[in-house]
Every structure is written in structure tokens, then in C-alpha cells.
Amino acid sequence: MSAASTAAHPSLQIYNTLTKKKTPFEPVAPGKVGIYLCGPTVYAEAHIGHMVGPVIFDCIKRYLVYCGYDVTWVVNITDVDDKLIHKANERGITMLEVAEENIADYNKNLSALGVDQIDEFPRATDCMDDIIGFIESLVEQGYAYASEGDVYFDVGKDREYGKLSNRSLDAMQGEGGGTADRKKNTADFALWKSAKPDEPSWDSPWGKGRPGWHIECSAMSKKILGETFDIHGGGLDLVFPHHENEIAQSECCHHKPMVKYWAHNGLLKRDEASGKIGGKMSRSEGAGGLHELIDRQGGEKIRFFLLRTHYRSTVVFSEPAIEEAAKGLETFYRLFKRYKRITHADFYSLTAPSKRGAPAIDQADDPTLSAAAERKQKFLAAMDDDFNTGGAIAELFELANLTNKYCDEADFEGKGAGDAASIATLTLLMETIKELSNVLGLFLQPPAAAGGSDELLGQVMQLVIDLRADARKAKNFATADAIRDGLVPTGIVLEDRAGGTEWTGGNDGSLEGVMKMLIELRQSSRANKDFATGDAIRDRLKDLGVVLEDRAGGTEWTRG
């Protein structure tokens, strides 16, 4: 890609933590972008806080690629650390086994949330020669010193130390920890730690040991992205000391800027029962079990929850908050079903433009397409403004509402059925929704596949719809109302349309709720001597391979 082609998007701006302001995005090398995001220390399973950065930067990379940039995105893995060693000793296995187990968990969770744009996953243990060489260079230049087998960075030699976090050296003085007697300055930080008995270690010019945390990232980013690259990301909690120390050691080593733009996402905090914002989500505070949350909610709901606000904002987490935010997704799922009813085509199979500047949908003689083009431009303007995914999602909703209004006016399921010209306009609208949602990493696959929903739920819901239709036809409104009310706790909504009733919503936990409702409906029907309904429930479930067993403690269901 040439420099001229990248100049097509001068409106793209990014907030830089270092300068504390938004500036035009101009990559180091025209047309190419290097991104480094601090990844996990893999001593335990991932929690939702570990997904904030990856989801945000997955979206940022998607948008930059959409804008025509060649992007390399790196997420490091810290697989040697005090916590890893402690966990390995606690469990009686090797540090490598602990790391491999939790890397697999991390990758599985990334996949569930649609994070698939990462290009490199360097591990600290695979970059030991690069790390040692980096430290040697700092020692040779007088920015680091060896002391009793350890090596420390001499912060007093860096006149700009503290420029990212705006802290003076005096303000950073502390006790120096248990190694204070080995340091020239209590703010000096370890580049290399001498080995303790029975710990994993590597040979070095200073004896056996292992690297400090900060030097790992400097060495890995340099190895893959070079001495100066475009964007370094991470949570606000990493500004000091981690990123401050990265800047110090990298810029003293290479005598040039390490990173052009520092981009920090807001922290994920608990929604306390009192209604107040709690502390940061962390393992030390009991966070974990992300895969269980994904099983309950589905990855797309969680991704949508994390993207609905600006990435620099604090995200207040609770499971009800995910469920509340995800109700908006139903607007799109219903629209996709409506499109399929009208055209017999699948939204998920549509081919949409993958690059910015593709043929516009604006047509002067079609007010709907002109309005859609305006919404698209507002979507792009939001993303150009420091990757404002919250604003972009708002415009995507407006586009969905516009499309639904067009369907109503065209009366596709009535007099307008089969109107080829109107259907072509509808398809253009849907392709635009797909083009923009692809940028956000949303609606890449049907929600049943994204959330891992059970196929049986769809079959059981057809039974529910049939039972309700039969009840209403027989004027048995008590049964019809019982079905409607019984579905409320499951998150499933029934919609009556000219072509029949459809259902939306729900998740993996909904099947149990629907079965509970059917069992209660069968019991009440039998109590009211409505044996036809009771028998219909039993027989139809049996056809689906579900067996009801009446026991003294109540009725249970099993798959036959």
C-alpha cells in the first residue's frame, strides 16, 4: 500500500496516553501498522477482565484493515513468573504444564468472543536469547547494573523516567522491597533475577536466573515489531509501573521513541450489590471461570457488552448488565429472520464490502438508501474518533431501525411480496449492516452457533409454539397465557406475524427453563382434566427423544 492510499482517511484520530490528547493517526511506515497488547500471565484460568483488551483491539485491528492498512497485532504470553512457579509447586506439576493448561483456556475464551485477529503470540520462554541480549545492551551503555546475580535498571540515568504516568522520581521512591540493599535507588527495577533453589532458570552472563516482567515485553515487541512501532495497548492499571518501565528500558537502549501511540483501555470493575462501583476484576479478588460465563451467556453477548461503551471508559460488570445490554442484539436477530422470511436468503451468507471506500449505497432517487448512506458515514465518523465503538453501535441500531421501517412500508409479507426492485434495496441495506457489523466483529455466525445453544431448544420451542396456537384456537386462553408467562424467566420472546409465530432470545440455560414450564403446564392441564394438552406435551416430547418421568418428588425429564 502506498502513502497516497493511506491519506484517504485523514480523519482517523487516536488518543495518546503519553501526550494526553487525540492526534491524527499517522503510522511509522506508510500503510503498515504494528500493535502490541500486553497479554496474560498464565498461572490461572482467564476471567472476563482479561478479555477487555483483546476484544477492543480485535475491533481496532478490524477497522484499520477495513481502512486499508496492513496490520500486525502481537499479544504476548508471560509464561515465567513468581505466580506461575508458586502455582506449579502448589499443584506438584511443572511451570510449563501450568502455562500450557491456561494458554489453552485463554485461547478457547478468545475464540468464543470472536477474537481471531491476533497475528503473533510470543512467549517469554521462547525469547530468552532476545531478552538477555537486550539486558546486555543496557548494561554496556550504563543504564543497568549487576548486583549479586540480579540486574537492575538505573532509573536515575533516564532523565525522562515518569513521562507516561506523570510521576516524578522522588514520588516513586519506596522501600525497594526485599532487594533494596542490592539497588542504587529504591525505584530501580529488576531486569534479571538470580535463580532461587529449585526454580526454573536460564544461563546468562550474570549467572542462572530469569527475566523481570518489564523487560520481557520490550524484548518481544522489538523482536516482532521493531525498535519503534505504532500502537501499544493495555489496561490503565499497566501505565505504572509496567509501561513506564517499558518506555525507559526501550528508549534508553535504542535512543528513539518506543511507541508512537499509547492506547489504554478503561478497567472492568464489579457492580457491587450496593449499587456502587467496586474494585477492578482480578484473580486476587476471586475473578475467574470465564468459560462458565460464556456457557451461560454466549460469546457474542459478552463481546457486545464490552463494545457498547468507549474503550477508555470504565466498564461496570455484572451478569444482569450483560443480559440487559444483550437485549439490543434481539433487534438484529429478529431483522435477520425477517430478511430470511422475505427473501429466503441468509444474512450470514451475504457478501459485504471488506474495504472502506467500496461502492456507496447512496442513490439520489432512493431516500431510504440515501438515509442509510448517512448512517454509514456517521458510523465511520464514530470509529474515526478514537475508535468509538459505542457511537458506532448506536448508528448500527439506527440502520437496523431504518431497515425495519423500509420492510413495513414495502409490506413484503403482504401486498409487496416478491417485488424484485424493493427486495434488491432491502438486500443493499442488509449488506451495509453486514459490512459495518463485520468491523465490530459482530454477527459473524448465527447466535445458536456463537453461543453454543442446544439444538433441542429449537425443537422444544416449536412444540411450545404449536401448543400455544392450539390453545388460542380452542379459546383456551388460560393455557396460552401460562405459556407466555412461563417463558419470561427464560429470556425467550414470542412474536406473532402473518406467516406464523417465531421466537427469539434465550441462551444455553433456557432449555431447562422451557422444560420446567412445560412440566408445570402438563401438571396444571391434568389437574384441570385437560388431558389432551397433557398427553400432547408428553407425546411430542417423546418424539423429540425426551422422556418425562413422574416421581414422588415431581416430574423429571431426561433425554432418551
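Select K434, which sits in helix α14 (residues 420–440); helices here are DSSP runs of H or I with at least four residues, strands are runs of E with at least two, and both are numbered from the N terminus. Before going further, know that this is a predicted model: local features need pLDDT of at least 70 and side-chain atom pairs count only at pLDDT 80 or more, while totals for chains, interfaces and linings use all residues. Residues are numbered from 1 along each chain as its sequence is written, and side-chain values use heavy atoms, with hydrogens and water left out.

Is K434 buried or exposed? K434 is buried, yet has no salt bridge. Buried means under 20% relative accessible area, exposed over 50%, and partly exposed in between (1.4 Å probe, protein chains only). A salt bridge needs a side-chain nitrogen of Lys or Arg within 4 Å of a carboxyl oxygen of Asp or Glu. For K434, the nearest side chain of opposite charge is D346, 8.0 Å away. Leaving aside neighbours within four places in sequence, K434 is in contact (heavy atoms within 4.5 Å) with F347, Y348, L350, A352 and F443.

**Stop two: the core**

Now click on F443. Not counting residues up to four places away in sequence, F443 touches K434 and others, including E300, L329, F332 and L396. F443 is also among the residues with the most contacts inside the largest nonpolar core, along with L64 and I231; that core has 116 residues. A nonpolar core is a set of buried Ala, Val, Leu, Ile, Met, Phe, Trp, Tyr and Cys residues joined through side-chain atoms within 4.5 Å. Apart from it lies another core, of 24 residues, with V460, I492, M517 and L518 among them.

**Stop three: salt bridges**

E435 lies in helix α14 and K376 in helix α12 (residues 367–384), so the pair ties together parts 59 residues apart in sequence. Both E435 and K376 are buried.

Next, select R341 and E413, whose side chains meet in a salt bridge (2.9 Å, N to O). R341 is in helix α11 (residues 329–343) and E413 in the loop between α13 (389–410) and α14, so this pair joins parts 72 residues apart in sequence. E413 is partly exposed, with a relative accessible area of 34%.

Definitions and conventions. Lys, Arg positive; Asp, Glu negative; His and termini not counted.
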